[in-house]
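Subject: The structure to look at

Hello! I am passing on the structure we talked about, and below it I have written down what I found. Please open it and follow along as you read.

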Amino acid sequence: MFERFHQYAAPMHFHRLSRKLSPWLFGISAVLFVAGLVGGLILAPADYQQGESFRIIYVHVPSAWLSMFCYMVMASAGAAGLIWKVKMGDIMARACAPLGASFTFVALATGSLWGKPMWGTWWVWDARLTSELILLFLYLGYIALQSAIEDRRAAARAGAVLAVVGVVNIPIIHYSVEWWSTLHQGATVTKFDKPSIDVSMLIPLLLMALAFQVFFFASLLVRARCEILEFEQHTAWVRDYLRGRHKA
Amino acid sequence: MKNFSEFLAMGGYAVYVWSAYGLTLVVLGWNALAPGRRERALERQLAARPERRSA
């Protein structure tokens, strides 16, 4: 098991595997998106309180979940790079940051577009919204660090420290709706009780969440390949690979 | 949903619902295309480097 992990931890093997996998993942996510959108926009009934506006849930909630999931991937990868000097850790952490920032932005913006008609305001400085905004700043801070520090290894180390410290924000985001009074509605799916949402609304939500998740991995693989090429540009295998690409 | 224009109207929430979906589409589209473009540019740029003997 460890042997296999180690093999794919090697950038060359990961690069080759990633070229095979990413087109499939993009395809699978496209199918899931279509299924989720049909279910969410057409088949699911309107909400009895929120009317048709509740349909924003199908883009808002998956991107919010993903914004946190991506952060955990980034921080774990960064930690692996920091502690065990796993090169793929540094590479994956760097590849995660722009994706995480994108999905955090989508979660905030679609939440704002939902808040305006439902709460009567685009924004409130409450715990859920503020902690999600801090998540965006953590991603942007990480990206700024990467471009500010010339040496890749040093940039990866500094970024990993920032990412690991920022993990404290993740439970704050998740529990913010319980710990503080807030305009944001409580959890309806991610709790130990039965989800308080009808199946006809829940299934499209889970499909969309899965679509976002698979899309995330597809895009992450391509970004990771770019990082690998940059990290490994002076190695023999990258030279061979590029020569092969040029001939083809 | 009786007809298509009713679907587009989203019960009066059209502006909010469709801008949320439009914005998501733009961000997803960018994340689908931009990394591939960067990869191709990077491969061209690295392939154009002068050959060096050392590995």
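(A residue is buried if 20 or more other C-beta atoms lie within 10 Å of its own, exposed if 12 or fewer, and partly exposed in between, with C-beta atoms placed from the backbone.) Lys85(A) sits in the loop between helix 3 and helix 4 of chain A, and its phi is near 55°, a positive value in a residue other than glycine. Helices (H or I, at least four residues) and strands (E, at least two) are DSSP runs, numbered from the N terminus.

Before going further, two notes on reading the model. Residues are numbered from 1 along each chain as its sequence is written, while chains are lettered from A and ligands numbered from 1 in the order in which they are written. This is a predicted model, in which local features need pLDDT of at least 70 and side-chain atom pairs count only at pLDDT 80 or more, whereas totals for chains, interfaces and linings use all residues.

The model scores ipTM 0.88 and pTM 0.91. Chain B has an average pLDDT of 87, and 87% of its residues score at least 70; pLDDT is the predictor's confidence in each residue, from 0 to 100. Where pLDDT is low, the predicted coordinates should not be read in detail.

Chain B has 2 helices and 0 strands, and of its 55 residues 20% are buried. Met10(B) lies in the loop between helix 1 (4–9) and helix 2 (14–47) of chain B. Like Lys85(A), Met10(B) is not a glycine, yet has a positive phi, here of about 50°. Met10(B) is buried, with 20 other C-beta atoms within 10 Å.

Where the chains meet, 35 residues of chain A are in contact with 24 residues of chain B (contact means that the C-beta atoms of two residues, placed from the backbone, lie within 7 Å). On the chain A side, helices 2 (11–43), 3 (57–83), 4 (87–119), 8 (199–231) and 9 (236–247) each supply at least two residues. Helix 4 of chain A gives the largest share, 10 residues. By class, this side of chain A has 18 nonpolar, 10 polar and 7 charged residues. (Ala, Val, Leu, Ile, Met, Phe, Trp, Tyr, Cys and Pro count as nonpolar, Asp, Glu, Lys and Arg as charged, and the others, Gly among them, as polar.)

Two packed helices are described by the angle between their axes and the distance between the axes. Axes are lines fitted to C-alpha atoms, for helices over the stretch in contact, and angles run from 0 to 180 degrees between N-to-C directions.

Helix 4 and helix 8 of chain A pack at about 125°, with their axes 8 Å apart, and are therefore oblique to each other. (Angles under 35 degrees count as roughly parallel, over 145 as roughly antiparallel, 65 to 115 as roughly perpendicular and the rest as oblique.) Their crossing is right-handed. Among the residues that meet are Lys87(A) and Ile91(A) in helix 4 and Phe216(A) and Ser219(A) in helix 8. The contact holds 11 nonpolar, 1 polar and 4 charged residues.

Helix 2 and helix 8 of chain A come within 7 Å, axis to axis, and cross at roughly 155°, so they are roughly antiparallel to each other. Their contact has 25 nonpolar, 8 polar and 1 charged residues.

What makes Ala107(A) count as buried? Ala107(A) has 26 C-beta neighbours inside 10 Å. Ala107(A) lies in helix 4 of chain A and, leaving aside residues up to four places away in sequence, touches His60(A), Ser63(A), Ala64(A), Ser67(A) and Glu132(A).

Arg243(A), in helix 9 of chain A, is exposed, with 12 other C-beta atoms within 10 Å. The C-alpha atoms of Arg243(A) and Trp24(A) are separated by 25 Å, and the two residues are 219 apart along the chain.

Happy exploring!

Definitions and conventions:
A crossing is left-handed if the near helix is turned anticlockwise from the far one by less than a right angle, and right-handed if clockwise.
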